[in-house]
Amino acid sequence: MKTIYSWRPEKTFPRPERKQVLKLASAAAEVTGSGIRSLLSLSWVSEREMAEINQAFVGHTGPTDVICFDYRQSPDVLPETGEGADDVEVEIIICPAVAAREAARRSLPYSRELVLYLVHGLLHSAGQDDLKPELKRVMRRREASALRRLSAIFNLDAVFPCPPMDGES
């Protein structure tokens, strides 16, 4: 599996080291059983951009934590690619600003929250659903298991350094 990623959130969020993000994404795709064979696209975006995507594609107002598009489920909406280009199978869009707020609210590390969103999107691409309470419980258990496994392999805080707190420079 090949992974491409872009980092375009607000400037206060430190850009992670590319090689570590790609290694983490590959491991997370395997741990979650995502089934991605060719190309995973990861984008970290600003609150404004996430709100626009959320409104345009999900019909919800405001930013959200993570959105996953599994183009394997809808081959008629595959993104346009040039001749000979790889086809994106799964696209995951994550909002670091939402992760930072939610991590602070739950007294959890920012890095763990970001990786949770990556795992959550990959579990959706593996066929997991969280719309019904019983399915949500299964998904939460799989998220926790994947996070434990990834935390044993990676120093998540080193992959995703914490942004400065309000008032810090």
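This is a predicted model: local features need pLDDT of at least 70, side-chain atom pairs count only at pLDDT 80 or more; totals for chains, interfaces and linings use all residues.
Author: Local features need pLDDT of at least 70, and side-chain atom pairs count only at pLDDT 80 or more, while totals for chains, interfaces and linings use all residues. Residues are numbered from 1 along each chain as its sequence is written, and side-chain values use heavy atoms, with hydrogens and water left out.

Reader: Why is Ser111 called buried?

Author: Its relative accessible area is 2%. Buried means under 20% (1.4 Å probe, protein chains only). So Ser111 is buried.

Reader: What is Ser111 in contact with, leaving aside its neighbours within four places in sequence?

Author: Leu156, Asp157 and Phe160. Contact means heavy atoms within 4.5 Å. Ser111 itself is found in helix H4, residues 110-125. Helices are DSSP runs of H or I, at least four residues, numbered from the N terminus.

Reader: What makes the span of H1 close to the expected one?

Author: The expected span is 1.5 Å times one less than the number of residues. H1 (residues 18-32) has 15 residues, and 21 Å is expected. From first C-alpha to last, H1 reaches 21 Å.

Reader: Why is H1 called oblique to H4?

Author: Their axes come within 9 Å and cross at roughly 45°. Axes are lines fitted to C-alpha atoms over the stretch in contact, with angles from 0 to 180 degrees between N-to-C directions. Under 35 degrees is roughly parallel, over 145 roughly antiparallel, 65 to 115 roughly perpendicular, and the rest oblique. So H1 is oblique to H4. Residues making the contact include Leu24 and Ala28 of H1 and Val115 and Leu122 of H4.

Technical notes:
Helices (H or I, at least four residues) and strands (E, at least two) are DSSP runs, numbered from the N terminus. Buried means under 20% relative accessible area, exposed over 50%, partly exposed in between (1.4 Å probe, protein chains only).
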